[in-house]
Amino acid sequence: MEKSTGNQLYSIISYKKSFFKLLTTGLIAIMLFSVATKSVAQSSSLYLLALSKTDHSLAIVDPVTLKVIARVPVGTDPHEVIASSDGKTAYVSIYGGGSLHEIDVIDLVAKKALPPVDTKPFFGPHGLTFVAGKLWFTAEGSKAVARLDPATNTFDWAMGTGQNRTHMIYVTADAKKVYTTNVSSGTVSILTDTLIQPGNFGPPPGSPPGSGPPQGFRPQPHKDWVQTLVPVSTGSEGFDVSPDGKQLWTASADDGTIAIIDLATKKVIDKIDAKVLGANRLQFTPDGQRVLISSLRNGDLAVYDAVSHTGVKKINIGHGAAGILVAPDGSRAFIGCTADDYVAVVDLKTLQVIDHLNVGGGPDGLAWAARP
């Protein structure tokens, strides 16, 4: 009886271990399936937009199957693309090295081109973003940034930077701050919507009687935009703001350094000798842990740790890496390889190229669009 009881006890214990092992394995499988399903669901709710400079076209891509759904013709020198918040419209900057004055408009529902926007007197539209229902863009040839109201098809705001090659743009979600890189001037513009308090509006000391503002004049507080210029290396073009909004990172194509700006103090707090020569674009991963920098010169994608400011890995993408687009879940990055006529797909977990996507010759600008 004792031996039989012992065997029964052993069998019960073994059964429980097997059961818990099976349960644990099942739970892990369910969790992995849930993560994978969430990733696919996120991707399937988006279009990937990719520009071809050679074919003068915008490709609308399914990011799950990596199949091109449609191609829409655009102007002669397309550089950047952005979508409206509702995913119904895409905008493409027709750059011309600062000489052209056109932004193309694409209906993403009908997948066809709409009448373009003539941006004169703003020449050389390049960097684009869509915030608070408005299209914001840089006008490199006019040393300015401007804003288009799509509802009225009119420009409702603009501001000069006075800098050479005002190129890329970032606007905060509240539309109160605008950041740009000024490539040839080697500066970053921080434009802030500011409440100006009235100062002393009286005549300067020693002025003749009767000079100054009329009697009883009471200046009122008013809104204005104030520019702060932060010096960085010349050739600083691609940049991004950390997801927490505290830092701006920009990489220089000329000397290969990365400048890190503290946006509270508006000062450079670190400069990394990253040797990312030919740096073109820079983007944070959604979790803010890593920074990706593409190089047009050597075709590398440099991966940096955003906390320690150290290099993680350099991934060779091809002969020239340009536009960067990271999946919202941080699983993959899409890199426009202009010289190689493909978009490389990089697994951000393994940091390896896992696929290539043909969107036309000379791919560059990339963007996400919500499926309308």
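The protein chain exposes about 17,700 Å², an area from the Shrake-Rupley method with a 1.4 Å probe. Carbon and sulfur atoms supply 57% of that surface. The model is predicted, so local features need pLDDT of at least 70 and side-chain atom pairs count only at pLDDT 80 or more, while totals for chains, interfaces and linings use all residues. Residues are numbered from 1 along each chain as its sequence is written, and side-chain values use heavy atoms, with hydrogens and water left out.

The secondary structure comes to 1 helix and 28 strands. These are DSSP runs, numbered from the N terminus: helices are H or I of at least four residues, strands are E of at least two. The chain has 372 residues, and 49% of them are buried. Buried means under 20% relative accessible area, exposed means over 50%, and partly exposed lies in between (1.4 Å probe, protein chains only). Contact means heavy atoms within 4.5 Å. Among contacts between residues at least 6 apart in sequence, 46% join residues at least 24 apart.

Turn to the largest pocket. It holds about 1,100 Å³ of space. A pocket is found on a 1 Å grid over the protein atoms alone: it is an open set of points with protein on both sides within 12 Å along at least five of seven lines, whereas a cavity is a set where a 1.4 Å probe fits but cannot get out. Lining residues have an atom within 4 Å of a point. Points are joined across faces, edges and corners, and the volume is the space filled by probe spheres set on them. The pocket has 41 lining residues, and the closest to its centre are Ile82, Thr129, Tyr170, Asp240 and Gln283. Strands giving two or more residues to the lining include S4 (78-83), S8 (125-131) and S28 (363-370). S28 gives the largest share, 7 residues. By class, the lining has 27 nonpolar, 10 polar and 4 charged residues. Here Ala, Val, Leu, Ile, Met, Phe, Trp, Tyr, Cys and Pro count as nonpolar, Asp, Glu, Lys and Arg as charged, and the others, Gly among them, as polar.

Now follow S4 into S5. The two strands form a hairpin with 5 residues between them. Gly87 in the turn has a positive phi of about 75 degrees. S4 and S5 pair in the antiparallel sense over 4 bridges; pairing takes at least two DSSP bridges. Val81 has Val92 as its bridge partner in S5. On its other pairing, S5 runs antiparallel to S6 (residues 102-107), joined by 6 bridges. Ser93 stands opposite Ile103 in S6. S5 is mostly covered, with 6 of its 6 residues buried. Thr89, Tyr91 and Ser93 point one way, and Ala90, Val92 and Ile94 the other.

Lys88 sits in the loop between S4 and S5 (89-94). Lys88 is partly exposed, with a relative accessible area of 44%. Its contacts, not counting residues up to four places away in sequence, are Ile106, Asp107, Leu108, Val109 and Pro372. Lys88 and Asp107 are 19 residues apart in sequence but 6.2 Å apart in space, C-alpha to C-alpha.

Finally, look inside. The count is 1 cavity of 30 Å³ or more. The largest cavity has a volume of about 40 Å³. Its lining includes Lys275, Ile293, Asn298 and Asp300. S21 (290-295) and S22 (300-305) each supply at least two lining residues. S21 gives the largest share, 3 residues. The classes come to 3 nonpolar, 3 polar and 3 charged.
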